[in-house]
2 protein chains.
Amino acid sequence: MTSDTTDPLVIFTPSGKRGRFPAGTPVLTAARQLGVDLDSVCGGRGICSKCQVTPSYGQFSKHGVTVADDALSAWNSVEDRYDRKRGLAAGRRLGCQATVQRDVVIDVPETSQVHRQVVRKAASTRVMVMDPATKLYYVEVAEPDMHDPSGDFERLAAALAEQWDIAPVTAPLSVMTRLQTALRKGNWAVTVALHRGHTDEHYRILDLYPGFKEQRLFGLAIDLGSTTIAAHLTDLRDGTVAASAGVMNPQIRFGEDLMSRVSYAMMNPGGDAEMTRAVRAAIDGLAASLAEEAGIAPVQIMEAVFVCNPVMHHLLLGLDPVELGQAPFALATSRSVSAEARELDLSALNANARAFVLPCIAGHVGADAAAVALTEQPGAQDKLTLIVDVGTNAEILLGDRSRVLACSSPTGPAFEGAQISSGQRAAPGAIERVEIDPATKEPRFRVIGIDHWSDEPGFAEAAAATGITGICGSGIIEAVAEMRMAGLVDASGLIGSADQTGTARCITEGRTHAYVLHDGTAAGGPLISVTQGDIRAIQLAKSALYAGARLLMDERGTDTVDRVVLAGAFGAHISPKHAMVLGMIPDAALDKVTGAGNAAGTGARIALCSVAARAEIEQTVREITKVETAIAPAFQAHFVNANALPHATDPFPTLRGIVPLPDVSYNTRGQDEGGSGRKRRRRA
Amino acid sequence: MTSDTTDPLVIFTPSGKRGRFPAGTPVLTAARQLGVDLDSVCGGRGICSKCQVTPSYGQFSKHGVTVADDALSAWNSVEDRYDRKRGLAAGRRLGCQATVQRDVVIDVPETSQVHRQVVRKAASTRVMVMDPATKLYYVEVAEPDMHDPSGDFERLAAALAEQWDIAPVTAPLSVMTRLQTALRKGNWAVTVALHRGHTDEHYRILDLYPGFKEQRLFGLAIDLGSTTIAAHLTDLRDGTVAASAGVMNPQIRFGEDLMSRVSYAMMNPGGDAEMTRAVRAAIDGLAASLAEEAGIAPVQIMEAVFVCNPVMHHLLLGLDPVELGQAPFALATSRSVSAEARELDLSALNANARAFVLPCIAGHVGADAAAVALTEQPGAQDKLTLIVDVGTNAEILLGDRSRVLACSSPTGPAFEGAQISSGQRAAPGAIERVEIDPATKEPRFRVIGIDHWSDEPGFAEAAAATGITGICGSGIIEAVAEMRMAGLVDASGLIGSADQTGTARCITEGRTHAYVLHDGTAAGGPLISVTQGDIRAIQLAKSALYAGARLLMDERGTDTVDRVVLAGAFGAHISPKHAMVLGMIPDAALDKVTGAGNAAGTGARIALCSVAARAEIEQTVREITKVETAIAPAFQAHFVNANALPHATDPFPTLRGIVPLPDVSYNTRGQDEGGSGRKRRRRA
């Protein structure tokens, strides 16, 4: 860049970057020299139109520049052709064609930025910036010369180095075999899909097309859960999701929860390979159906990024998960894994597609927790933040700028509706939200698939069609919390009798009681109730969760946290108030408890759309302090102490005043079946 | 290394490297610090015994050192155990166990050197030094620690970095999946087979074994010819050939010569893929049979290195060879190709075996010529050296330290016995050597598979069993040259009649004559003769060869060369004298014309056994000046001028005096069918 003060001044917005350039300098050239984020796939040949800019004419007091109408060169034939063929919005110019003539202010619209931010539906601390590992480059390659023989591939590599500053580059044989034809068909120009490694500056050609091709490239962000597999087919240019779908994890037939699957692998030689085949086939099928749904060709899918817990991580990669089931819970690998998608038997993608699996944090804290860390960035927070991702295991992160700690806690599957008498997965027919009137003790609830509350008009008709089949994870949590608030359950977790509570919904079951949420027996449906056993299961789960969080707080040397984030698909559905009534999480101001939606899935998308994010999470994971609950004596103590539900008199600053907790006690002789909660005598 | 002059002095032989080390320093440590080439697989743990040394006791005037009997520490329990288990030769010590106590001279036997030289059967300019890309390393890995969780793979990588200074290292998923079991079975020690790239410092784990394993690793050096595929199964530790075998190239059914195969690819869609499948299957079969013959497991084969001409190069790699059949003869790639063996559909090797294909020099000058350059090193010669590798195309190198040039010349298949009336491949029954008595004009010859000359006792019986079926490439060259020396053929290439030559063996065939080498018709066998057409075919072939060599000499600006090397399996069988009588090669002193045996195959073995050689040839090929015969007008001129056989009066300093060339002329009217040779009138 020259700095002759008589040269025209160019100011780019919104970056504000400015510099003087000789008259005749293309806008794209000026942008590149100033480091302005202006896209180009064709390298300035007027083909790709990615470098569109909007020059601003008139007086600009903000920048102190008057822009004349002829500040840029006149509309030229390339722009004209492009406008006729594809249309150029009013006021737009092609940055590679328009040249600077006089002082000018040029706006780079967001669609012309390479690293544009992606607007995410869910509010989050993290801004998602496009920086995908796989991108298109148009390149013009020298023709072969008998006098100076060199290979087609070497001339392509030289052109990439010269025109894009990209080197070294390699190509798998399957791409190399198509190079000759593509170059000749494209008249010595090709568009290549290049993949950049996140740990090295290694570029790999995944695919190529003759001439200039505006091929849309896609990636799969896959949240591989124990129960469900969710995948988002994502456009690698702008991060938009073209299609989403989920399927049940077919490994469920080998074991409902993770430890059953580890046992299956231990007891059945080849069992792990069997489970690996099953999950890979399911993912492959998911990829194929997503491509079909979005109307794209499978060859357009260039990458798959995975987040999952450690057991699923191992079963996906074909690693024996047995070590994860026993101390010292050793991972086969704790780095991220970059592989070819076909090494994972994924055939419904481009033949050279890449797979990237986020790193696990520890033997019990998975790549899903790493993805949550990528999304929520606890290490970038000023406030001490507790992040809880609730699943069969709760994965817990605690940290701020100074340090991040992580652990997992064996909550068991109660929070997912398993081991609950009327429990079921979150599916149509499941009660997902519950309210109980403290005066009448009558419930109202919502059912998945029905738009009304149970006491609203139209509900009965809808329920007759859908059926009310059970209660899912969020439903059971709300039900228990509401029962506590309505005085149906005491602080030790005991359900009162009909006499004690004054409602016939409290029925006797053996030596304990249950609360009937919905009696569908008259219509041949189920009786949906919350039993004493259900309360105990929730108590165990929430104690484990609470104990894990407390353990990290001990390690950190604190009794309070500033923020609580409930992550996970499940976390999205838990109301913070109910979580605190149950004592699932440490005390925090209610407005500081937020749900983060599917933060793990979002982390997968971030890693899919940003190669820098991959390097970042690899580094972050290394720096996290790993805390192992299984060997921490304090964990057991916290676990036992956390068994009770909050008391009316608990020093619970946030909850008190918002939620009245009745001071009841149903601890009658013979009724409590030895629940391990602390018991206090109450004044009658 | 300390340099305290009171420390014991250690002198290593044969390197002569010396240094002072504190008493108690292990010999292996001293060797490493001095850069002495002393092997170790186990890293000094007394397991592998690769570091055996021979201390020399007594007076050593050469080094001026008196070595006391206790110059090294006493024989220890590790050495004792090793001696009992596996035996340690008298006088040998383990370099990792014996420690320096006083001044000592220590010999490193050749078997303990990593980079030991390999004794080659054929004399050659190049010394082969072991430096294989794939080697074994024994490594002890830290156990997992719950308090500081890390993956098994990361601890292995850390151990390799610490114990062997090897980083970064990667592993394919198929190796990663076996790591956990291997580490635990080996009690946290494994032996890994590591492959090092020749262009980067990238290490890749190809295989691993629990604990210490003295696994022998092998590689295949494959000379992939148009007609035959020859493979040598080579021990990667010492370069010895465990088994060799050859098969016909199954592509012959698609076309006898290369251009027919290129045509087949052009005319038949998918024809190139068909040929690729055929040749890969043949190589895979060859690998399997070699492993069986050598009694090793296929998983022990870690690498395959290929040399081949450009068309075979492309057909092996699955690249369309059509471009090689037309100007500008563009290669798909001119660099070496590193790939996974399974990318070439080779399954009879280790699943993670690597393939390396030497670089082609130009569209007509193949990786086989590059391999010849690696073996013969024209660029390292003081004398200007002409290297000719004769096949269907002759590939020609000319050079010395200042510069190396290369071209190929379209000799056609006559030198291989094709397009010759009685021609056949070099196989049992083929006449391979010929002598003709200048006085009697009677021939004697040798036949492949028979140990006697045709005029020796026992020949008739052997011939009755074997049969005499035809004449191979070396046979036809000797026959034509001998006919010229015996005066049966004149300088223009015409065969005389029975009257003109005085022998009834010159028979009339139409308007030309033929010379009968062997008449087997009485026994139902063939009549084997050299016809006028055969002479013309040889003249065309040798003119092309000569013209190529001359073209390089023109480029170099010289009329003479200092040395001529005849390479190729065929070159090994051509007698220099006969080659010069035919005028195949430029004039040179007869004792400066040597055969180099299968220099291309040797180059494959060198590249297989030395990763440094791979880098070297990659660089060498880039520096070679490529000369294209097809566009050089001088080539045509040389070709036409070279058509004649040498004249008796030619200024042929070397030949004259050794070989009398009769001054005959059979250029009678109507007999010459328009041969393009220059014609001179002779004195009668």
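**Sheet, interface and salt bridges**

Modeller: An open sheet in chain B has 4 strands in the order β10-β12-β13-β11, with mixed pairing. Strands are DSSP runs of E with at least two residues, helices are runs of H or I with at least four, and both are numbered from the N terminus; two strands pair if DSSP finds at least two bridges between them. The model is predicted, so local features need pLDDT of at least 70 and side-chain atom pairs pLDDT 80 or more, whereas totals for chains, interfaces and linings use all residues. Residues are numbered from 1 along each chain as its sequence is written, chains are lettered from A and ligands numbered from 1 in the order in which they are written, and side-chain values use heavy atoms, without hydrogens and water.

Biologist: In β13(B), which residue is the bridge partner of B:Thr170?

Modeller: Strand β11(B) is joined to β13 (residues 203-210) of chain B by 2 bridges, and the two run parallel. In β13(B), the partner of B:Thr170 is B:Arg204.

Biologist: How much area do chain B and chain A bury between them?

Modeller: Contact means heavy atoms within 4.5 Å, and 44 residues of chain B are in contact with 44 residues of chain A. B:Met146, B:Leu173 and B:Gln180 supply 21% of the area that chain B buries against chain A, more than any other three residues. Buried area is the accessible area (1.4 Å probe) that two parts lose on being put together, summed over both. Of the total, 61% is on carbon and sulfur atoms, and the value is about 3,500 Å².

Biologist: How many salt bridges does the rule find across the interface?

Modeller: A salt bridge requires a side-chain nitrogen of Lys or Arg within 4 Å of a carboxyl oxygen of Asp or Glu. One such pair is A:Arg184 with B:Glu323, at 2.9 Å from N to O. Across the interface of chain B and chain A, the rule finds 4.

Biologist: Which element gives the most to the side of chain B that touches chain A?

Modeller: In chain B, α3 (152-164), α4 (173-185), α7 (310-317) and β18 (337-340) each supply at least two residues of that side. With 6 residues, the element that gives the most is α4(B).

Biologist: How many residues apart in sequence are the parts that A:Glu214 and A:Arg86 tie together?

Modeller: A:Glu214 forms a salt bridge with A:Arg86, their closest N and O atoms being 2.5 Å apart. A:Glu214 lies in the loop between β13 (203-210) and β14 (218-224) of chain A, and A:Arg86 in helix α2 (residues 77-86) of chain A, so the separation in sequence is 128 residues.

Biologist: Is B:Arg280 buried or exposed?

Modeller: B:Arg280 and B:Asp345 meet in a salt bridge (3.1 Å, N to O). Buried means under 20% relative accessible area, exposed over 50%, and partly exposed in between (1.4 Å probe, protein chains only). B:Asp345, at 46%, is partly exposed. B:Arg280 has a relative accessible area of 8% and therefore counts as buried.

Biologist: Is B:Asp559 buried or exposed?

Modeller: B:Asp559 forms a salt bridge with B:Arg550, the closest N and O atoms being 2.8 Å apart. B:Arg550 is buried, at 11% relative accessible area. For B:Asp559 the value is 57%, so the residue is exposed.
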